[in-house]
Amino acid sequence: MMDFQTLFEQNIEIITIAVYGTAIALIVIGLYAVLMKKHLVKIVIGLSIMDAGIHLLFVAVGYISGGTAPIFSPGSENAATTMVDPVPQALVLTAIVIGFAVTALALSLVIRLYKHHHTANIDQLNSLKW
Amino acid sequence: MLKKLIVFLLIATLGYTLAVTLSSIPIGKNRIGSIENPETVAAYYLDKSPNDLKVANTITAVVVNFRGFDTLGEVSVLFLAATGLASILYRKEEEEEEENIRHISHRLNLPSSSLVQTGAKILFPLIIVLGIYVFIHGHLTPGGGFQGGAIIATGFLLMLVSYKGFETNHKVMVWLESLAGLGFVGVGVFGLVKYGSFLQNTGWTGNLNDLISGGLIPLIYIFVGIKVATELTNILDILLNIKPRKK
Amino acid sequence: MEIIAIILLILLVGSILSFLINRVNKNFTGVTAFLVALASGVVFFTKVQSGYQFNFQLAGLDLQWGLTDYSYYFAYIIFGLSVLALLYSIKYMEGKARLGYYYASFLMTILGMLGVVVSQDFVSLFIFWEIMTWASFLLVIYNSYYKIKTKGIKYMIFSAIGAYAMLTAIVFIRVHYDTLLISEAIAKGAFNFEQYIYIPIFLLLGFGIKAAVMPFHVWAPSAYSKSPMPFTTIFSGAMSKMGIFGIGLVFTTFYLSNDPENFYWVRTILGWLGGITAVMGTIYALIQTDAKKLLAYSSVAQLGYIVVGLSTGTELGVMAALYLAVIHAVFKGALFMVAGAVEKQVGTTDMTKISGLIRKMPWTFFVALVSIIALAGVPPLGGFVGKWLLYEALITESNNYILVVVVFFSSTAAFMYSYRFLFGLFLGQEEKETEHIKEAPVTMIIPMVILAVIAMIAGSYPGLIFEPAAKAMEAIGFQNVSWQMSSLTNIWGDTTDLFLISMMIFAVFIIAFIFLTLKGLKKTRYVGTKDISTSGELPKEWENLTFQIDFFKPFERAAAPLYSMNMNKIWKNLGKNLEAFFGFFRKLYTGNGQTYALFVVIFLVVLLLFKDVIFS
Amino acid sequence: MAILIFLIVMAIILIAAAIYSIMQKDLLFAVLGTGVVSLVLSIFFYMLQAPDVAITEAAIGIALTTIIFIITIRNTTRDENKYNDDHINKFKTKKDA
Amino acid sequence: MVITPVHYIVAPLIAAFAIPLLTKIHKDAARIVPGIVLFYNVVISFFLMNHIAEHGMISETLAGWEAPWGINLVVTPFTGFLATMVSILGFIIWLYGYRFKRTLKGGEVKFYEILQMMMIAGSIGIIITGDIFNMFVFIEIVGISAFSLTAFYRSRDGAEAGFKYLLIGGFASAFLLLGILIIYTQTGTLNMAQIAERMPEVPQQMKIIALVFFLVALGIEAEMFPLNGWAPDAYSQAPSPTSATFAAVVSVAGVYALIRVVFTMFDVEGVNNYLMVMGFVTMLIAEIAAISQKNLKRMLAYSSIGQVGLILISFGIGSNLAVFGALFLMLNHSVIKSLLFMAGSYFIYNTDDKRITALNGIHKKLPIVSFFFALGSLAIIGFPPFSGFWSKFYILISAANEKYIFLIIGILLVTIIELTYYLRVVGRIYFAKEEEGEPASHRPSINALVAMSSLALFIIVIGVYPDLIMPHIQNAADALLDKTNYIQQILSVKN
């Protein structure tokens, strides 16, 4: 644990680029899949990758260099250690579960669609239009 | 092709904008201010969690107590997702009878050798115990209701996948599901009735880092754990029991 | 409770009541409606005096109801015509479907019209205006079972355009002049064509559409001819006058200012529009083969005169307009009732199929004759006085000599279609098919005759109408309007005694009538239209030899270029093109979820790119 | 320093797995790719001092999400370019018409 | 105080968790319990409205942590008004749907009722919460219920509509999270009042980026133009009571969320113009699309979007009178559109055909329902003396106050389009040649009639005497615009 902290403190720029870059890359890749892929399952994969990127962003902005996880281990109650921001983590916890719920629902819709329309191509799902 | 170009341009612009925006929100910067004189909610939580609530894991304190209402909402999202899933994949009884395949399980047929089955049999109780441990210790160590619930669900997943004949006891599941949800709300209502604020913790909180500490927080997390476990198992159960299409 | 509210309530309750009574017994529906209208009319004329008003608050707005002499004048038209039309309806509608619906809408329309004239603030005016509109819409589509798509909708769309133009104006009056009372708005100069020019223009648009002014007249002929006949009398006789009522109100500022230069271009344009409406209405009336349609176009033309009269803005012109408003209601009401009687008895109003009803329906013929004379403006009947005043006003007090010619032309051409109407239905040879035809029931004859008598009296004693008209004009800004009971005086001082003239003409008439009747008593051989032979050649079965076909063929040929300028077609094309255009936008909803997602992202990116432009 | 490299490698693996999972035509492998994304993501969370999130992501992202994706693929098609089964298509017209 | 705002959420949640158990005791529990709960919500609403009329606004703390620290529920005259409206309509829609689904099997009824109830409860949650992330959670609750309900019928294209809705809804939640993220890093809080208080210190650039994300995310919920592709599909495929709920409850909550964020949280210039322009585009395109629809429910859906556009325009004008008009229109739209969906659903139920052409002369079979539909049509177009007129009138006056003459003309021209297509349908119902057929097989049941008549009664009574409701709307508008008071009231609780 300590290793991370000191190392992160020293190389915060690289970390920033790496973490933010990854997060943005995930969002963008997910978005691309949603917008370009025709298979419904791929689209749902895209959505979940996009969500993952956003979750990473949340955790990243909550990080404080040199901070520890916001858990008071025995004996360290009063030690004035820096702790990372607990709020984004709590939010992400909620967001992950909600994201899973949405994914499950989406997939069940995909199964239903395949049963009824016999296709998993989003372009063929246009019986409702105009 | 034109669409591809447009999409590339769009996502490039979006990525660029995000990057520019995030560049002024550097990682690692302390934004939460001093804990002694809290300006931000985070600092306040870090102050109150060990001192007032006696909860070692601040995230648990935030999730269950400070923002407990969100968690209630989240649990209901899961519940609604399970309901919605059941409603979407619900199959009319006539339909089933018509196809005359009513009592046959249409479980995912992964090749499950006896080795896998025995392994699953051994692992299953361990996984359940692990899950229960995780959500009971949610206020002390990393983890909690969601994690524990999800772990238990994976245990059931293992059984469902490896044993053809394995069925969750629906009656027990329904009761557990409902009672856990009602328990969570009930704890909230208890706070409302006794202290005038929904989900309010009791005054008695015990000592930091004790197993029984933090007032009602562990209790809530247990309910959350059971609720999440049952909901996730439900979802998996429904999905796994979809009848495969006639080939 | 205020008496006006009670009267409106009587009508409302009556409307619901007649709907319910129809459920119980179909025979009493018409009687109930008639009695309700009669009762409210009696209460109105006995209890309500002009000058009465009261204020109240609704939805945080100060509203006012009341009556000026001007609105009282229009109340005469409304009640007079409605009561007669309802009396007429009793027999006319007998045996038709959905009587409850018919009478309920009828009474609602009366309520709406009465509300329009008693409103002294714009909000109630608009509310009642709309009640009147949709109640009449319900009646317009009463008959047109299969043609709902074009007929009723057209009326409603034009009405809505008018109503919303009015609403816009009202809203701006409220904003700029901080009032909703008509009197205050006039006092503050809201209708001046100076500062906020769109206010009076929108109001004129709103009222003008109801008065069927060019180029918004296209709804009128079809709506008039499609609605059930008794209602058409109200529709063309009274409801279109609400438009006139409004135009008069808007011009009040001008009348008050007493400055002929004021409003000059507006009046000119409106006058010209009225003139063109008159010509167009007349020309189209000429080529109609259906009596109803003919009358409908004729109504449009007559409304044109009234608009011309109002827009001259002189005392004489406005007097002519108001006088024509009443007399048009009278004779056009009578004519529509005649057409209705024919329709009731014969089953059609197609002039090519009917002829020679004079012996079968003598009373109807009498009414038709009198009304046609009045319509054509021949002395000694009511129409003559109105037209005389109008010409005098145009010639002596305005410089629009071309307009005079236009009006004069259309008035002359009115002879042609009047004649055709009379001839087509009543004169000519009798058909075998019409042998069994009887005179219309007495409750239908009575209102017709009453109207005809009014038209006759108005011809001899126009002062009976001049008196309230003069009061009404004083209420909208004129001072000391002079009028004579039974004579017309022109600016050169020549006086014509109308009563004398009418007596003389009547004498001639009666002599001629006696002579013709005596002659007619002789046995004559009735010849069917097909019972002839030309040059020894028997006409074929399909060869229709009725005069009615191609009645005005030569004229039609002469006026062919005018007919090609079909306003109706222009609007229709506009509608069609608009819908095609709309169809293009509709395609944005492609039905593809991914495209929608793409829209979201495009929108997001566009907002992000232009964020500094849009937000600051 | 090793950890820094480890982090960067992880980032690269993460992005590569994400790209792999959307480019892979065989959906089963694509889904496994998302499983890898979740796995690496939970390591990221752990390194960013968010153990709770890491555990959640591990339990839900790796195990549950992947399995429901697999179930879906089993109930639809496994090949991305093959949106339906032909013989079922024939039968569809009769049933849905 | 015995009743607190949290009851709005807790009662439905208890019911939702308990229904699976209760159905084991009594078969019809799944139908009845939501009714009791929704009725209880109506009671709560009246109680709370009385309370705030006497004591001022309520800011309830949850879990004992006061305003900026914990989540709080806020009932101001504004949110209270909307919550009251939503809960009453929710109850009426339940009443309407009570026997509508009687053909369904037990299990399906349970799912339907739970989802429907939670959708309404979630909407109330969106309205009364004072915390931005909590709002996100409630949006997800509404979203998940809505996706599932859209796909409820399997014989239709429900799943397709549901998937589209879910796809766009997924975007909405992603962008909303991004917006919350940026706002949280800049202000260090999630409480909307505190965010609003700290907003002036946030760098302009950040503020605008966050605003853009919020606008897009909540614009999806509020059915703004390029973001509303899901709406017509979802409205037309969902079961009719659900469509009514979408129009009357969910879209209200969506618009509320947008307005709350724009008016209270942010202090950015130009948003009003944005709302006005986008509202106008939304209205125009939706009405244009509606005019050539062949499917009745789809037409009503486009009409709903159009009305939402008008509401957004009116909020965009931004003056007190305009907000008043917008809230009035929101109320009218909810009531009238629910009535239209309810009546329209009986047409579809009886003809087994969703096309408008199937309605020819149906008034002979269903006289009362036809009357309600005609009434609703006239009212939504804005004919006096029905309630729709007053809202339109006030919106026009407020636009005129700001001298937006072209806006007024535009609104009225669009109204003419609206009038055209509504009258076509009404014309068909009443005046087209009816097809031969047996008398209606599904006459409206008594509970549906009660529901529809109460809405119709409202339309007429408010149309004739709008003063009944106007003071409440005025209070609501004042409360929405009084931002400083909102912030002070909520944050003062902590000291």
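**Close-up views of a predicted multi-chain model**

Among the contacts within chain B of this predicted model that join residues at least 6 apart in sequence, 69% connect residues at least 24 apart.

View 1. The secondary structure of chain B consists of nine helices and zero strands, so that, read from the N terminus, the order of its elements is α-α-α-α-α-α-α-α-α. Chain B has 247 residues, and 51% of them count as buried.

**View 2. Helix α8 of chain B and its packing partners.** Helix α8(B), residues 170–195, contains 26 residues and covers 37 Å between its first and last C-alpha atoms, a value close to the 38 Å expected at 1.5 Å a residue. Just after α8(B), B:G196 adopts a positive phi of about 85°.

**View 3. The contact between chains C and E.** Eight pairs of chains touch, and the pair with the most contacts is formed by chains C and E; this contact takes 48 residues from chain C and 54 residues from chain E. On the chain C side, the elements that give two or more residues are α5 (122–143), α6 (151–177), α22 (567–586), α23 (593–609) and α24 (611–614), with α6(C) giving the most, at 13 residues. By residue class, the chain C side that touches chain E divides into 35 nonpolar, seven polar and six charged residues.

**View 4. Chain C against chain B, and pairs of chains without contact.** Six residues of chain C are in contact with four residues of chain B, and the chain C side of this contact divides into six nonpolar, no polar and no charged residues. No contact joins chains C and D, whose closest C-alpha atoms lie 16 Å apart; likewise, no contact joins chains D and E, although their closest C-alpha atoms lie 9 Å apart.

**View 5. Helix α13 of chain C.** Helix α13(C), residues 315–346, has 32 residues and should therefore span 46 Å at 1.5 Å a residue, which agrees with the 45 Å that separates its end C-alpha atoms. Because 30 of the 32 residues of α13(C) are buried, this helix is largely enclosed by the rest of the structure. Just after α13(C), C:G347 takes a positive phi of about 105°.

**View 6. A strand pair in chain E.** Strands β1 (residues 58–61) and β2 (residues 72–75) of chain E run antiparallel and are joined by four bridges, and E:E60 has E:L73 in β2(E) as its bridge partner. From β2(E), E:N72 and E:V74 point one way while E:L73 and E:V75 point the other way, and all are buried. In a regular strand, side chains alternate between the two faces of the sheet.

**View 7. Confidence of the prediction.** The model scores ipTM 0.93 and pTM 0.90. For chain C the mean pLDDT is 80, with 90% of its residues reaching 70 or more. Among the elements of chain C, strand β3(C), residues 487–489, has the lowest mean pLDDT, 69, whereas α23(C) has the highest, 90.

Methods. Residues numbered from 1 in each chain as written. Chains lettered and ligands numbered in written order. Contact = placed C-beta atoms within 7 Å. Nonpolar A, V, L, I, M, F, W, Y, C, P; charged D, E, K, R; others polar. Buried ≥ 20, exposed ≤ 12 C-beta atoms within 10 Å, placed from the backbone. Expected span 1.5 Å × (residues − 1). pLDDT = per-residue confidence, 0-100. Pairing = 2+ DSSP bridges.
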